[in-house]
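Here is a brief report on one protein chain. It moves from the overall fold to the core, then to selected residues.

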Amino acid sequence: MRLAADAVKRGGPQAAGYVKAMGETKIDLVLGRYEFDDKRGAKPDGLNFVFIRTKPDGSIEVVQ
């Protein structure tokens, strides 16, 4: 959410400005540094995300 809000703040709410701002994004957040290319792809490819979800029995599972 912070990434999108920051891009709108810098590029405005119109699509062209938003896409340009996302392409220029370089931001450090809780899960690491985020950068995007002009096609809105993440750089470097394959950011290391780990998702943890709660299973119906109450245990947790790491999903990659």
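How many helices and strands does the protein chain have? The protein chain has 2 helices and 5 strands. Helices (H or I, at least four residues) and strands (E, at least two) are DSSP runs, numbered from the N terminus. Along the sequence the pattern reads α-α-β-β-β-β-β.

This is a predicted model, where local features need pLDDT of at least 70, side-chain atom pairs count only at pLDDT 80 or more, and totals for chains, interfaces and linings use all residues. Residues are numbered from 1 along each chain as its sequence is written, and side-chain values use heavy atoms, with hydrogens and water left out.

**Surface and core**

Of the 64 residues in the protein chain, 14% are buried. Buried means under 20% relative accessible area, exposed over 50%, partly exposed in between (1.4 Å probe, protein chains only). The accessible surface is about 5200 Å² (Shrake-Rupley method, 1.4 Å probe). Carbon and sulfur atoms hold 57% of that surface. Take the contacts with a separation of 6 or more: 9% join residues 24 or more positions apart. Contact means heavy atoms within 4.5 Å.

The largest nonpolar core has 7 residues: Leu 3, Ala 7, Ala 21, Met 22, Ile 27, Tyr 34 and Phe 36. Helix 1 (2-11), helix 2 (15-23) and strand 2 (32-36) each give two or more residues to this core. Such a core is a set of buried Ala, Val, Leu, Ile, Met, Phe, Trp, Tyr and Cys residues joined through side-chain atoms within 4.5 Å.

Arg 10 is found in helix 1. Lys 26 lies in strand 1 (residues 26-29).

| Residue | Relative accessible area |
|---|---|
| Arg 10 | 39% |
| Lys 26 | 49% |

Beyond four places in sequence, Arg 10 touches Ala 21, Glu 24 and Thr 25. Its side chain makes a polar contact with the side chain of Thr 25 at 2.7 Å. A polar contact is a pair of N or O atoms within 3.5 Å; within protein, one must be able to donate a hydrogen and the other to accept it, and residues adjacent in sequence count only if both atoms are side-chain atoms.

The C-alpha atoms of Lys 26 and Leu 3 are separated by 9.5 Å.

**The hairpin**

Strand 4 (residues 51-54) and strand 5 (residues 60-63) pair in the antiparallel sense over 4 bridges. Pairing requires at least two DSSP bridges. Phe 51 stands opposite Val 63 in strand 5. The hairpin has 5 residues between the strands, and Gly 58 takes a positive phi near 95°.
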